[in-house]
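Student: I would like to go through this structure and ask what lies behind each label. Can we start?

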Amino acid sequence: MHTKTQITVNSNIEDVWQTITDIEHSSEVISSINSIEILKKGDSDKVGLTWRESRIMMGKEAFETMWISEISPNQYYVVLAESHKTKYRSVVSVAAISNDKTELTMEFTGEPQGAFTKILSTIMMPFFKSSLTKMLHQDLIDIKQYVENK
């Protein structure tokens, strides 16, 4: 499963980047995140940063452990997670449109591991993908509002 959403933020790329990479405080920015618990500090670029996130998904509280696997400052970072026999990969990226406008993009891929998980994923994918895309887009709206109201 793959989905992607984006939004234009009326701010410079540096301010958007600062907000999206401040993982420790993302529950103050994104309304569906209940809490963040840092499990492991990353290197100076945040590669290896590992956290446990609690958020509301489809009306229920869900917990996931995630980590930053790759980062290119002021361009993108990659977050990986593994849960319920599925590997998840999210790419959060920024691109300057002008000095005071930034395109913010969130891309998500879920890859089921194992025959049963693949079958179940095929059946449930149309329902889950729509909800997931809406949730990711709401995350972007929350980030946009936070950055623009700083």
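Tutor: Start with lysine 46, which sits in the loop between β2 (33–40) and β3 (50–57). Helices (H or I, at least four residues) and strands (E, at least two) are DSSP runs, numbered from the N terminus. This is a predicted model, in which local features need pLDDT of at least 70, side-chain atom pairs count only at pLDDT 80 or more, and totals for chains, interfaces and linings use all residues. Residues are numbered from 1 along each chain as its sequence is written, and side-chain values use heavy atoms, with hydrogens and water left out.

Student: What makes the phi of lysine 46 worth a remark?

Tutor: Most residues other than glycine have a negative phi. Lysine 46 is not a glycine, yet its phi is positive, at about 80 degrees. Asparagine 74 also has a positive phi without being a glycine, with a value near 60 degrees. The place of asparagine 74 is the loop between β4 (60–72) and β5.

Student: Why does lysine 46 count as partly exposed?

Tutor: Buried means under 20% relative accessible area, exposed means over 50%, and partly exposed is in between (1.4 Å probe, protein chains only). Lysine 46 has 29% relative accessibility, so it counts as partly exposed.

Student: Why is glutamate 53 called buried?

Tutor: Its relative accessibility is 8%, and therefore it falls under the cut-off for buried. Glutamate 53 lies in strand β3. Leaving aside neighbours within four places in sequence, glutamate 53 is in contact (heavy atoms within 4.5 Å) with Ile33, Ser35, Ile36, Ala62, Phe63, Glu64 and Met66.

Student: What makes glutamate 53 and tryptophan 51 a polar contact?

Tutor: A polar contact is a pair of N or O atoms within 3.5 Å; within protein, one must be able to donate a hydrogen and the other to accept it, and residues adjacent in sequence count only if both atoms are side-chain atoms. The side chains of glutamate 53 and tryptophan 51 are joined at 3.4 Å, so the distance passes. The side chains of asparagine 10 and lysine 101 also make a polar contact, at 2.7 Å.

Student: Where is asparagine 10, and what does it touch?

Tutor: Asparagine 10 lies in the loop between β1 (2–9) and α1. Not counting residues up to four places away in sequence, asparagine 10 touches Asp100, Lys101, Lys144 and Glu148. The C-alpha atoms of asparagine 10 and lysine 144 are 7.7 Å apart, although 134 residues separate the two along the chain. With a relative accessible area of 41%, asparagine 10 is partly exposed.

Student: How do you know that the buried residues of α1 line one face?

Tutor: The buried residues in α1 are Ile13, Val16, Trp17, Thr19 and Ile20. Seen down the helix axis, these residues fall within an arc of 165 degrees (the arc of the directions from the axis to the C-beta atoms), so they line one face. An α-helix has 3.6 residues a turn, so residues three or four places apart point the same way. At the start of α1, a side-chain oxygen of asparagine 12 comes within 3.1 Å of the backbone nitrogen of glutamate 14.

Student: Why is the pair of tryptophan 17 and tyrosine 77 called edge-to-face?

Tutor: Rings of Phe, Tyr and Trp (its six-membered ring) pair if their centres lie within 6.5 Å; planes under 30 degrees apart count as stacked, over 60 as edge-to-face and the rest as tilted. The rule gives two aromatic pairs. For tryptophan 17 and tyrosine 77, the ring centres are 6.0 Å apart and the planes stand at 75 degrees, so the pair is edge-to-face. Tryptophan 17 lies in helix α1 (residues 13–20) and tyrosine 77 in strand β5 (residues 76–83), so the pair ties together parts 60 residues apart in sequence. Both tryptophan 17 and tyrosine 77 are buried.

Student: Which helix or strand has the lowest confidence, and which the highest?

Tutor: pLDDT is the predictor's confidence in each residue, from 0 to 100. Helix α2 (residues 115–148) is lowest, with a mean of 79, and α1 is highest, at 98. The mean over the protein chain is 90, and 89% of its residues reach 70 or more.

Student: What is the overall layout of the chain?

Tutor: The protein chain has two helices and seven strands, in the order β-α-β-β-β-β-β-β-α. Of its 150 residues, 39% are buried.
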